[in-house]
Amino acid sequence: MAADPNPDPELVAAGESLLAARARGDLDALAETIDRWGVDLAHSPFATALYDVAAELPLDLSAARPGLAFRFEDIGRLPIGTTPLGLPPTHKEARAEFASNGDLRLRQALLPLTTRRRLGRFDEAMAIVRAATPLAEASVYPWYGDRSQILPYWYLQAGITAQVAGDLGVARRFFLNAWTHRDRDPYGFVARGTAGKLAQHDALAGDLASSATWLERALDQGRRADLWVDHFVESNLTTTSTIHAIDALDPQVDTHLHATLHPSQRSEQWVIFLWVFVQHALTYGDTASALGYLEDAVQARPPELIRAGLAAGVVPLVRAEIHLAMGQAHRALADIEDAPDVAGMTRTLRARTLLLADQAPAALLEVEALGSVAGTSRRARTESLLVATAAHLAVGDREAAVESARRAVVQVQEGHAPRLLATVPRTALDELAPDVPGLGPLLALVDERGVRDIYPADVQLISVTERERELLHDLGSDRTLAEIADDNYVSVNTVRTHLASLRRKLDARSRGEVLARARQLGLLDQ
């Protein structure tokens, strides 16, 4: 539902004071108002006036006003880190600070937190979250409600910080804290935003039942469509609905996708949008679009944002998924070799790649190892069960395959996610369907929606030496073998030996076929 705004009278008074001080040219009054109320005014109809004033005030007015100084840092008028945080380091000092000034320091700390997060300085942002923890904990008691209204918004921002930093478990705990204290919300959108974040988090994790519950709660909360932040709050809800539609193979999935922000657009959640768009494209066999989404997203951002936080794990993950869908198993494994695991999904992709490369025993070892990894998502566990199903069948253990398939089907049914069945070879599931209750109807639904294997039923995992890889690149030129030998300071017989090895590995009869096969497998792109 959309609720009419019900602004805090104190906030309205602060906004009106800002406008009045600006009209009369009272710089000290403007500085004092921004120092105390800057964070709140940024989430109110007075936001434009706040930013206009902050862009004009003399810098020296921030000397003893950390809230104003943080605003100057945020808009680029002061270097990041110029102003000390001033957060009490111990719980005892935090209680004393709260007794004297309420949640003022916690409010002021929000700005350096979000500034660093926006710039991709996630380690620094998480350090601020940790530094502010004593003060946040000092203000949680119910009888402090009137003096700690910022608490739910603080926890929401702490959760967003942990999410984009890649610590998804910590992010969810912060979101739950924000929901617990939602009745203190001073802005009228925190409850909706928090429930939306939890819905999105659980959808990504593959816990569709929990996600649907949080999505319903979010839609029941008040909406502040009059504020600029409403756009970001609602993007969580549309992204969640799109993930649900993709997993369920909803015929209306394109409608949901069109309502979701493109991964190239400016947003802290761009890497989540990227994952969503790539999953949709791969589901329907469109690797070209999936690759285009990845290239657009990466080109729209500086390299440091691609290599930091959640992106450091998700970007290699989606790149590997695309390469595996193209049959390039070795590139998929290379993509994720040193990448952080994303809630178990990276390790599951490695197991799937080994399975498709006819290395079922190695795939089973990966799945077994995943069982003891903390933070593994429901999505990864379901997909790993499906990998185990096909791998057990490949090694001749039908009893274990049936058991894994039964467990996977329960997970797919509970998660309303028939799409996951298309992540392993269909032939294996068809063979087991008579012995696995519920699998047949799910496969029929997958067929009805026109979805087949997302990844090739088998791929080649070819290992080449460094010398052979160098020769592959040399073979792409017009040089003769003798010229290649001279340029590399080796004998022509050595070049012929490496070429013969490549012909054998690639099942090619000529130099041209070696190049064509290497290009098909992506060996020339490494």
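The model is a predicted one, in which local features need pLDDT of at least 70 and side-chain atom pairs count only at pLDDT 80 or more, while totals for chains, interfaces and linings use all residues. Residues are numbered from 1 along each chain as its sequence is written, and side-chain values use heavy atoms, with hydrogens and water left out.

**The whole chain**

Switch to a cartoon view. The protein has 28 helices and 0 strands (DSSP runs numbered from the N terminus, helices being H or I of at least four residues and strands E of at least two). Along the principal axes, the C-alpha atoms fill a box of roughly 85 × 65 × 45 Å. Of the 526 residues, 55% are buried, a term that denotes under 20% relative accessible area with a 1.4 Å probe and protein chains only.

**The nonpolar cores**

Select Leu274 and Leu421 next; these residues have the most contacts inside the largest nonpolar core, which has 80 residues (buried Ala, Val, Leu, Ile, Met, Phe, Trp, Tyr and Cys joined through side-chain atoms within 4.5 Å). Helix H14, residues 270-283, gives the most to this core, with 10 residues. Apart from it lies another core, of 45 residues, including Ala94 and Leu198.

Return to Leu421. Leaving aside residues up to four places away in sequence, Leu421 touches Leu386, Val412, Leu429, Leu439, Leu442, Leu443 and Val446 (contact being heavy atoms within 4.5 Å).

**A loop residue**

Now select Ser267, in the loop between helix H13 (253-258) and H14. Ser267 counts as buried because its relative accessibility is 10%. With residues up to four places away in sequence not counted, Ser267 touches Leu261, Phe273 and Arg301.

**The largest cavity**

Finally, select Ile34, Trp37, Arg71 and Leu111, which are among the residues lining the largest cavity (on a 1 Å grid over the protein atoms alone, a set of points where a 1.4 Å probe fits but cannot get out, lining residues having an atom within 4 Å of a point). About 70 Å³ of space lies in this cavity, the volume being the space filled by probe spheres set on the points. Helices H2 (27-41), H4 (66-74) and H6 (104-118) each supply at least two lining residues, and the largest share, 7 residues, comes from H2.

Conventions
1 Å grid on protein atoms, 1.4 Å probe; cavity = no way out; pocket = protein on both sides within 12 Å on 5 of 7 lines; lining within 4 Å. Buried < 20%, exposed > 50% of the residue type's maximum accessible area, 1.4 Å probe, protein only.
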